[in-house]
Amino acid sequence: MNKLLISTLLASAMAFPAAAETLRVGVATAQTGALAPFDTPVIDGIHIAVNEINEAGGIDGKIKIELLEKDVRSDAAQTSIATQELVDEGVSVIVLPCDADPALAAIGVVTEAQIPAISTCASSPTLPQIGGDYMFANFPGDNVQATVSAKWAYDEGHRSAYIIYSPDTQYTTMPLYFAEVFEKLGGKMLGEDTHTIGQQDFSAIATRIAALDPQPDVIMTSTYEPDFPSMLKALRAAGVESQIIGSDGIDSPTTFSLGAVAEGLVFTTAGHPTEGSPLEAFNKKFEEVNGKAPETVFNAVGYDLIKVIEAAVIAADGSTDAQTLRDAIANLENVQGATSTITYKGTDGMPLREVSLIRVKDGGRELIGQPTPDASLIPEPRVQ
Amino acid sequence: MDLFLQQTVNAFALGGTYALLALGLAMVFSTMGLINFAHGELMTIAGYILMACGLAGVPFVFSILLAIAAAVLAAIVMERIAFRPVRNASGATMLVTSFAVSMILQVLFQNFISARSQAVLVPEILSESVRFGGLVIGVNKIAAIVTTIVMLIFLDRFMKHHRIGIAMRAAAEDFSVARLMGIRANTVIAGAFALSGFLAGVAAVLWVSQRASVDPLMGFTPVLKAFIAAILGGLGSLRGAVAGGFLLGFIEIYLAAYLPASMQEFRDPIALCLVVLVLIFRPNGLIPSPALKAEKV
């Protein structure tokens, strides 16, 4: 009897998803565990955007956004389970964790349910490639970031490079893209080292690099906190003076508080609050809401994500039907987010977004530029 | 040759930190037969104290003392609240309890402090390095090595000459007989936890000053390394823990330094295989504990 009741309720819930003027957005992200440092700030940004839109009467002044949030504990299997629960509750869009691996664990569920899914901040270009039609990313791709930094390094006159990467995740293999672009430009790779995520001690690697003759002009890595500060300090303590290039994972207060060792460090990230920019406005708003300045650009990336969904609903003439929304997202062009304009049209789901190149100067950030990389230089996505 | 010496210095510094960590685990195991997986969270607590002191502008030397004191206090509270009620239970019960304590603390840190890494202000001097002939040695490496030596001498004297130290050794050998001699179980066990908290605090200062940040999950890696080192040395044996810590440090550094580039990806599995190899020849560890199984009291 109970089963009958539940299934009847479910069926009726699924039969009228668009009856009310609300858009149900399912959020299956990591609020605890190893991915929480990335997902929790994105969710803060999502909340700001949703409250802003709802206070103004909803999307287009009429469709309110309702968030259904579940913690996936940074676990791939749990992500798949939570996504299935959200599908059963009749959501129109699903937000998945920051890393490609748990996001891909949910792909079977979203594809079968034909509901579009957006990863909070995964940057691996392989994510939408493997994920298929219903999987979208929300961050500048690893291959694009690496192209920007390699081009910059080459233009600065650097001709030899060394990479340190970790095969543990897609993201930490970004230096392999860097090496590919750097060699294509005519630079020389002097070697590479690997480490594991969570590695504390980099002294052996640092000593080996310090013993190289000649020293590399550039060392590139996409290692992020807490490993990155340890790596940087070990390299500098061993006497390595090469230019060090990182990626968005180190766009964090822990990098800027390192003092002298971090001076001159260059990294790519999703945005920079230039004067009068939407990011500056977002940061102000964030401070008003939370009483403290954002610690990371991932807050603004969460705001972007909701702006994309809002734009898709408007483009779909107020429809909250999942399939219609998927098609709308895939055809979005120049959506103004907090960090950048965002375009999905003509891509496989990896958005075209600005990449900002930042240098650490006097413990603060200095914008080097926001270059659009030459499309012919960008490497093909590779699956590790 | 210089390169080899340089890597050896690296190995001593890393091995020393592992030795302090393994000693902390061994200290508690030898008295009550508990492998405390929440030992890493004691380090995290010390790390957060360092962070808070940095923000409040407390001089680094005082922050170190406060951080260590906090770890000692946390260890004593942990024993009183979580472990005393299950003291007579099986080893498995205590092990699961320690996992629970560890996870609860991690979630509390994530929810009430921040899920993201927090910066810890570390004096610039610790990032600098000193030249000895052809060697370039980081100040933090020297600090790690000196701290390890001082701690080992202090512990050796404490265990040999101090009343509680002697009581702890007696309890490790045979708790029932020790109690018949008038040694209070509560004092010995609380003492063991306090000492393990002290070791965790010191190791945390070394660990955090190397990475200049603290995050909720920071304790996992060090406690895992400490566990491997303690097993390698001989579970429950204090000298064994030190030997195991150093050997693990040497294995890790030399593999990272001398494995060919194509093999580097397999560094960790190879390191663990070497540990297993040692255990095949010395199944009870390098320096086995005289009382292999701690008694329940």
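**A closer look at chains A and B**

**View 1. How chain B folds back on itself.** In this predicted model, 76% of the chain B contacts (heavy atoms within 4.5 Å) between residues at least 6 apart in sequence join residues at least 24 apart. Chain B holds 11 helices and four strands (DSSP runs: H or I of at least four residues for helices, E of at least two for strands). Of its 297 residues, 56% are buried, meaning under 20% relative accessible area with a 1.4 Å probe, counting protein chains only. The C-alpha trace spans about 60 × 50 × 35 Å along its principal axes.

**View 2. Helix α2 of chain A.** Residues 36-55 form this helix, whose 20 residues reach 28 Å from first C-alpha to last. That is close to the expected 28 Å, found as 1.5 Å times one less than the number of residues. In α2(A), 15 of the 20 residues are buried. Just after the helix, Gly57(A) has a positive phi of about 100 degrees.

**View 3. Helix α7 of chain A, residues 142-155.** Because 12 of its 14 residues are buried, α7(A) is largely enclosed by the rest of the structure. Among those buried are Trp152(A) and Tyr154(A). The cover over the buried residues includes α8 (174-185) and β8 (218-221) of chain A. Gly157(A) follows α7(A), with a positive phi near 95 degrees.

**Notes.** Residues are numbered from 1 along each chain as its sequence is written, and chains are lettered from A and ligands numbered from 1 in the order written. Local features need pLDDT of at least 70, side-chain atom pairs count only at pLDDT 80 or more, and totals for chains, interfaces and linings use all residues, while side-chain values use heavy atoms, leaving out hydrogens and water.

How values were computed:
Buried < 20%, exposed > 50% of the residue type's maximum accessible area, 1.4 Å probe, protein only.
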